Amino acid sequence: MNRMVMALAVPVLAIVMVAITLSGPPEPLPAVFLPEDCRRIGVVDRRDRPLVGIEDLEILPSGEVIFTAYNRRYRERPARGIYRISIEEMVYGEPPFAEEIGGIERSVERLYPHGMSIDLQTGRLAFVNRREPDDAEVVWGTLRPNGFDMEGRWSGGGSCRANDVLWRGNDLFVTLDRESCGFSIGDLIPGAATGKLLRVGYGGAETVAEGLEFPNGLVVLDNKLYVAETRGGTLRDMVDGEIIELPGGPDNITRGPVGTIVVAMHPDLTDYWLYTLDFTEGSGTRIMRLDPRRADDRTILFDDPIGKTFKGGTVAAFSRGTMIAGSAYDEGMLMCSQIFQNLPPRPGQENNTG
């Protein structure tokens, strides 16, 4: 970081710290899952290496969990990739082992997977590969019995800020969370709307929408495409233009049961930003399930506004009464289910980390 950037960053940081001290932490909201319903699951690979930095995940109809893993704070750690694990293994494994999806590491150089999307009908998988902190590419292919078969990739033209991907039929949508690849005051000032939504394919990329406030997660529901705008604290319906206000900054979003969306949120974005810079020891996690067609159909599944149990959750999925969450900066996954009320904790592990 050069001297000019430092000169600009220091006073901004000082103002931010004062604002946090004066405002205090967000108020907790009533939630479905209590601390005793949740456990942090320390998943490892077959070489017994902890899988950390779980940025994105999906629960398949079979009950299998597909997730990306790499720790952005410690990029030298070798355990990274896209993995699969059953919910049963997460509950009863000692320790829970996840299988790496073969063929992915051979297909790309410097594998650091970020957001991902799976098309259940075709078996296609797409993901963002953050090769370097300020460089990324989008990779796609098909999941076959013997592993991943890469079919295409896109880089350049702003791909450095690719955040999440989503299959919608034969179209692959990509969010670019901001404009600049490196440090930019224009991207950081409050209200900055420099993000874009793209459609990507073999012929390159085309802009679908721009002027978005840090677009992040994507989901399709009832033929509508929704984008999470982290800094705007909203979900945006890209078909009708409807904006849904949220009690936090949304990160990744997933499809929930019966026409709902599950949103992982940062209750205080400034607190989360400081956490990612290692200025604080933790940041809150708030997870909500909502029906975007009904303003009164909102349920807080889990709420930890100061990160006592799980820090900086970036994704969550909910299926069959079980919620699973991951964090790009915390360790392991958070699993919440009433099944834990009838199970003893693992040796040396309490029901929660609080």
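Is Asp171 buried, exposed or partly exposed? Asp171 is partly exposed, because its relative accessible area is 32%. Here buried means under 20% relative accessible area, exposed means over 50%, and partly exposed lies in between (1.4 Å probe, protein chains only).

This is a predicted model: local features need pLDDT of at least 70, side-chain atom pairs count only at pLDDT 80 or more, and totals for chains, interfaces and linings use all residues. Residues are numbered from 1 along each chain as its sequence is written, and side-chain values use heavy atoms, with hydrogens and water left out.

1. **Asp171 and its partner.** Asp171 forms a salt bridge with Arg199. The closest N and O atoms are 3.7 Å apart. A salt bridge is a side-chain nitrogen of Lys or Arg within 4 Å of a carboxyl oxygen of Asp or Glu. Arg199 lies in strand S12 and Asp171 in strand S11 (residues 171–176), so the pair ties together parts that are 28 residues apart in sequence. Strands (E, at least two residues) and helices (H or I, at least four) are DSSP runs, numbered from the N terminus. Arg199 is partly exposed, at 26% relative accessible area.

2. **Salt bridges overall.** Side chains of opposite charge can pair when their charged atoms come close. The whole structure holds 23 salt bridges. One of them joins Asp45 and Arg49, at 2.7 Å from N to O. Asp45 is buried, and Arg49 is buried too.

3. **A strand-to-strand pair.** Glu137 and Arg153 meet through their side chains in a salt bridge of 3.0 Å, N to O. Glu137 sits in strand S8 (residues 135–144) and Arg153 in strand S9 (residues 147–154), so this pair ties together parts 16 residues apart in sequence. Glu137 counts as buried because its relative accessibility is 1%. Arg153 has 38% and counts as partly exposed.

4. Several strands give two or more residues to the lining, among them S2 (57–59), S6 (113–119) and S14 (215–221). Strand S10 gives the most, with 5 residues. The lining divides into 19 nonpolar, 9 polar and 8 charged residues. Ala, Val, Leu, Ile, Met, Phe, Trp, Tyr, Cys and Pro count as nonpolar, Asp, Glu, Lys and Arg as charged, and the others, Gly among them, as polar.

5. **A nonpolar surface patch.** Phe183, Ile185, Leu188 and Ile189 make a patch of about 330 Å². Patch residues have over 30% relative accessible area and no salt bridge; nonpolar side chains (Val, Leu, Ile, Met, Phe, Trp, Tyr) are joined within 5 Å. Accessible areas come from the Shrake-Rupley method with a 1.4 Å probe. Ile189 lies in the loop between helix H4 (185–188) and strand S12 (195–201). Ile189 is partly exposed, at 42% relative accessibility.

6. **Backbone points to check by eye.** The peptide bond from Glu94 to Pro95 is cis, with omega near -5°. Pro95 is in the loop between helix H2 (87–92) and strand S5 (99–100). Val258 has phi near 50°, a positive value in a residue other than glycine. Val258 is exposed, at 78% relative accessibility. Asp278 has a positive phi as well, near 70°. Asp278 lies in the loop between helix H5 (269–276) and strand S20 (285–290), and counts as exposed at 52%.

7. **Two loop residues.** Arg161 sits in the loop between S9 and S10. Arg161 is buried, at 7% relative accessibility. The C-alpha atoms of Arg161 and Asp177 are 5.9 Å apart, although 16 residues separate them along the chain. Val239 is in the loop between strand S16 (234–237) and strand S17 (243–245). Val239 is partly exposed, at 45%.

Terms used
Patches are made of residues with over 30% relative accessible area and no salt bridge: like charges are joined within 9 Å, nonpolar side chains (Val, Leu, Ile, Met, Phe, Trp, Tyr) within 5 Å.
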